[in-house]
Amino acid sequence: MPGTGSGEGISPAILQEAAAWFASLADAAAGEEEKQRWRKWLAAHPDNARAWQRVEAVMGQLSPFAHAGDTVRGALGVPRRNRRRILGALGVLALAGAGTATLRLPWREWHEDAGMASADYHTQIGRIATTTLPDGSRVWLGSQGVLDMDYGPQLRRLHLYRGDLLVETATDRNVPARPFVVDTPHGRLRALGTRFAVRADPRQSRIDVFEGAVELTPTDANQPVHIVRAGEHALFDRADLLAVGQASILHEAWTRGMLMADRMRLDALAAELSRWHPVSIDCDPDVAGLQVVGAYPLRDLDPILGALAGSLPVRVVREGGHIRIVSAPRASSSTSGQFDSPPRRIE
Amino acid sequence: MQTTEKQAFPFAGLYEAHHGWLRAWLRRKLGCADKAADLAHDTFVRVLAQSKYVPPNEPRAYLSTIAHGLMVDHWRRLDLERAYQEVLAAAPLATAASPETRALTFEALLAIDAMLAALPEKAKRAFLLSQLDGLTYREIALQVGVSERMVKKYMASAMLHCLTAVDA
């Protein structure tokens, strides 16, 4: 699908502006005044016009189906299925890693002291902590995580203030069994018997469910808005559900010290690495949309950066505590074989 | 000679060591030997096309991650194909398109599905009602059961998804 891709070379802020203008104008009742202001914006910078071309490409992709709305909505409405199969696939991966985890993670920290029940857990950058909770549930806390545990007579509650958490809940031996919940700054996740990953970022939280299901209630909602099932993920803020999709192995593999990328955008990969290393890592807008496929050991930054520079048309620039991935078009003579072709879009 | 070749083409080693395993793994998941062979092939093609970095530690986890993504795409395609046929069959006097046109249209539909995959249900409905049916935000708000302001928010976030989505 040429032309509708990732908006390469255009900064996220401008894409956001373009999307906002689209939302202002797409109302069939939009007024002339609004259009005037949009034309000004369009003329203000060449990137604005480029971003708008992308908007039009998206609209163009839909236009063949205009007036076939019922048909399209009917077909697209078919739920994503095969949770069991997806779960099966993820299960094998988890198993494949399990036998080797302790060998690969000399930097793993164990907290087994009993006094932790009321304490905050903090993990430092690049660290993973893992522990078994009093009820037998297991948790992993990723880089820069902050977690609080609060087991009471009514509720087994974890509070994730920041960072990545993977939970494998155990059946409560209390009678009656207490619900297991994880609170993030953006809402409450109630486990319905399960293995799931939670990420709390400043503006939003994310939940990936690998087994069982999790009920999601944003802080400002007065009732659950969504049930996330095995094989699915959801993004949410305090107000609402923001996005849903497939569960990602990325959010599970970190417990084994691995970064798994399957068609991951380079900017997302850079952001991911920044979480695990005490340097800020980002990339230029014109390479942000390049896709990366690979499985990388999280703790070794240099081999990862070397691999990126080796397989993508990029080079790595270091300035003090900052690493930037920039465009480096290849000289075709210096490449050696058929595998040096730049990454291609799959679709 | 053998070693030099493997150094020059590290994927030869990866392929030799794991292709059989991957095909068997996919066959268990899919229950179909032909499709498993196809997807195993596609997995290696994707690895070849996109990365020359061979993960040192977990080649099988790496391969099965990629194969898993392809499997999910494959299932989604089957589901969508079925739903599309059903909707077309149920529509009275469906536009009498040729098989070629229909196939083309299905590809376009797949692309739209992939593009909108990450959107919550209400945002997706609002976006499609606007772009396919040309409804005003007021009309959409009534159909979806949210405020007009929310419809506008959905529209912006849906478009931003489409502009930035590469994969879900």
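In chain A of this predicted model, 48% of the contacts between residues at least 6 apart in sequence join residues at least 24 apart, a contact being a pair of residues whose C-beta atoms, placed from the backbone, lie within 7 Å. Chain A has 347 residues, of which 38% are buried; a residue is termed buried if 20 or more other C-beta atoms lie within 10 Å of its own, exposed if 12 or fewer, and partly exposed in between, with C-beta atoms placed from the backbone. The secondary structure of chain A consists of 9 helices and 19 strands, where helices (H or I, at least four residues) and strands (E, at least two) are DSSP runs numbered from the N terminus.

Strands β5 (residues 146-151) and β6 (residues 156-168) of chain A run antiparallel and are joined by 6 bridges; two strands are taken to pair if DSSP finds at least two bridges between them. A hairpin is formed by β5(A) and β6(A), with 4 residues between them. Asp148(A) stands opposite His159(A), a residue of β6(A).

Chain B comprises 8 helices and 0 strands, and its elements follow the order α-α-α-α-α-α-α-α from the N terminus. Of the 168 residues in chain B, 40% are buried. Contacts between residues at least 6 apart in the sequence of chain B join residues at least 24 apart in 56% of cases.

Residues are numbered from 1 along each chain as its sequence is written, while chains are lettered from A and ligands numbered from 1 in the order in which they are written. Because the model is predicted, local features need pLDDT of at least 70 and side-chain atom pairs count only at pLDDT 80 or more, whereas totals for chains, interfaces and linings use all residues.

Definitions and conventions: Contact = placed C-beta atoms within 7 Å.
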